[in-house]
Amino acid sequence: MLQHSPILTPVITLILWTFVMLFWMALVRLPMIAKLKLKPEAGERTSELALKLPAKTQWKADNYNHLLEQPTIFYATALLLALVGGGEGLNLILAWCYVGGRVLHSLVQATINKVMLRFTIFLLTSIALLIMAINAAMIILM
């Protein structure tokens, strides 16, 4: 039986957090669509639907979309690190920093949506992810 790498725990945590945001988005967005009496066709193009919804409602959907963008690089990097034996120590700390930062980013975007605060969190998590990617490259290329 294969032993799992510790870095897989932050991976599954971010996956589960993405589902939390999906459900939060649905719990807020669907009642608003009903309240505004929008027809199903209003959702044909999500960019057009977003213009019809209040900003605070749309923030959750925007964040859900964000969780399906850059985190894909995190998943690939973390899985690579797990496969090559680099899923502990500094990389594990960086992975948890990335996941914690993405959760914080979600909470900021979904509630108060202060752009500079969001950007700062995004920048810090991006740096953590970049260091993880460099560490993975060094393991593979050395």
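Guide: Axes here are lines fitted to C-alpha atoms, for helices over the stretch in contact, and angles run from 0 to 180 degrees between N-to-C directions. This is a predicted model, where local features need pLDDT of at least 70, side-chain atom pairs count only at pLDDT 80 or more, and totals for chains, interfaces and linings use all residues. Residues are numbered from 1 along each chain as its sequence is written, and side-chain values use heavy atoms, leaving out hydrogens and water.

Visitor: What makes helix 3 roughly antiparallel to helix 5?

Guide: Helix 3 and helix 5 pack at about 155 degrees, with axes 8 Å apart. Angles over 145 count as roughly antiparallel, so helix 3 gets that label against helix 5.

Visitor: Which residues make the contact?

Guide: Contact means heavy atoms within 4.5 Å. Helix 3 brings Trp59, Lys60, Asp62, Asn63 and His66, while helix 5 brings Arg102, His105, Ser106, Gln109, Ala110 and Thr111.

Visitor: Why is Thr72 called partly exposed?

Guide: Buried means under 20% relative accessible area, exposed over 50%, and partly exposed in between (1.4 Å probe, protein chains only). Thr72 has 44% relative accessibility, so Thr72 counts as partly exposed. You'll find Thr72 in helix 4 (residues 71-83).

Visitor: Which residues of helix 3 are buried?

Guide: Thr57, Gln58, Trp59, Lys60, Ala61, Asn63 and Tyr64. Their cover includes helix 1 (8-35), helix 2 (46-52) and helix 5 (89-111).

Visitor: How far does helix 3 reach from its first C-alpha to its last?

Guide: Helix 3 (residues 55-66) has 12 residues and reaches 16 Å, close to the 16 Å expected. The expected span is 1.5 Å times one less than the number of residues.

Notes: Helix = DSSP H or I, 4+ residues; strand = E, 2+ residues; numbered from the N terminus. Parallel < 35°, antiparallel > 145°, perpendicular 65-115°, else oblique.
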